[in-house]
Amino acid sequence: MNPVKHNITVRAAKEQDSPLIMDLVRSLARFEGLSDRVLSTEDDLRQALFGERSYAETIIAEVDRETAGFIIFYHNFSSFAGKPGLYIEDIFVYPRFRGLGVGKELMVRCAQIAKERNCGRMEWSVLDWNPARRFYEHFGGELQKEWLLYRLEKKGIEELAQRK
């Protein structure tokens, strides 16, 4: 018996995809159990991704012309490498499309972009319980045990910005 062959395509998101991107973000948050942490609106995403100053880029994956997932990335910089890096903020594939190669296509496209833009590295964070860790390791991703992620959210930024 031959497995069903699906047509997977990846494309750069367009401004009119903003409602779709918002839905994907909410779906990712539900998967991670973090729905209460989604503060962004569709307009916030539209401005950040397609506004006068774009802060990140999005790639949409489709299976047989149906939205299957997305990846949001932006550039950071390594002073040690002297080059930009590509940081994957979010990658998500709807459950019914998992196992078809959608995530692979999204990661491959990001690697192609990183290569085209002469990036010194690609990085991303993963929740410790996420079974996708095996997926990332399959592609050569290495857990950086010596680096700890620190974060300031809005309140912390406001407080720090007022210090002298």
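This is a predicted model: local features need pLDDT of at least 70, side-chain atom pairs count only at pLDDT 80 or more; totals for chains, interfaces and linings use all residues.

Trainee: Is Trp129 buried, exposed or partly exposed?

Mentor: Trp129 has a relative accessible area of 43%, so it counts as partly exposed.

Trainee: Okay, and how many aromatic pairs does a search of the whole structure find?

Mentor: The search turns up 7 aromatic pairs. One of them joins Phe31 and Trp129: the ring centres are 5.6 Å apart and the planes are at 50°, so we call the pair tilted.

Trainee: Got it. Which parts does the pair of Phe31 and Trp129 tie together?

Mentor: Phe31 lies in helix α1, residues 18–32, while Trp129 is in the loop between β5 (121–124) and α4 (132–138), so the pair links parts that are 98 residues apart in sequence.

Trainee: And how exposed is Phe31?

Mentor: Phe31 is partly exposed, at 31% relative accessibility.

Trainee: What about the rings of Phe92 and Tyr94, how are they arranged?

Mentor: Their centres are 5.6 Å apart, and with the planes at 85° the pair is edge-to-face. Both Phe92 and Tyr94 are buried.

Trainee: Which residues form one aromatic cluster with Phe31?

Mentor: Phe92, Tyr94 and Trp129 are in that cluster together with Phe31.

Trainee: Switching to charges. What sits over the ring of Tyr94?

Mentor: That's the charged end of Arg96, 5.6 Å from the ring centre.

Trainee: And which residue lies over the face of Phe31?

Mentor: Arg98 does, at 4.8 Å from the ring centre.

Trainee: Back to the surface: which residues form a nonpolar patch there?

Mentor: Phe31, Leu127 and Trp129 make up the patch, and together they have about 260 Å² of accessible area.

Trainee: New topic. Where is Leu143?

Mentor: Leu143 is in the loop between α4 and α5, the latter being 154–161.

Trainee: Buried or exposed, that Leu143?

Mentor: Leu143 is exposed, since its relative accessible area is 54%.

Trainee: Last one: how are the C-alpha atoms of Leu143 and Arg133 separated?

Mentor: They are separated by 9.0 Å, and the two residues are 10 residues apart along the chain.

Technical notes
Residues are numbered from 1 along each chain as its sequence is written. Side-chain values use heavy atoms; hydrogens and water are left out. Rings of Phe, Tyr and Trp (its six-membered ring) pair if their centres lie within 6.5 Å; planes under 30 degrees apart count as stacked, over 60 as edge-to-face and the rest as tilted. Helices (H or I, at least four residues) and strands (E, at least two) are DSSP runs, numbered from the N terminus. Buried means under 20% relative accessible area, exposed over 50%, partly exposed in between (1.4 Å probe, protein chains only). A charge sits over a ring if NZ of Lys or CZ of Arg is within 6 Å of the ring centre and within 35 degrees of the ring normal. Patches are made of residues with over 30% relative accessible area and no salt bridge: like charges are joined within 9 Å, nonpolar side chains (Val, Leu, Ile, Met, Phe, Trp, Tyr) within 5 Å. Accessible areas come from the Shrake-Rupley method with a 1.4 Å probe; for residues, only the protein chains shown count as cover. A salt bridge is a side-chain nitrogen of Lys or Arg within 4 Å of a carboxyl oxygen of Asp or Glu.
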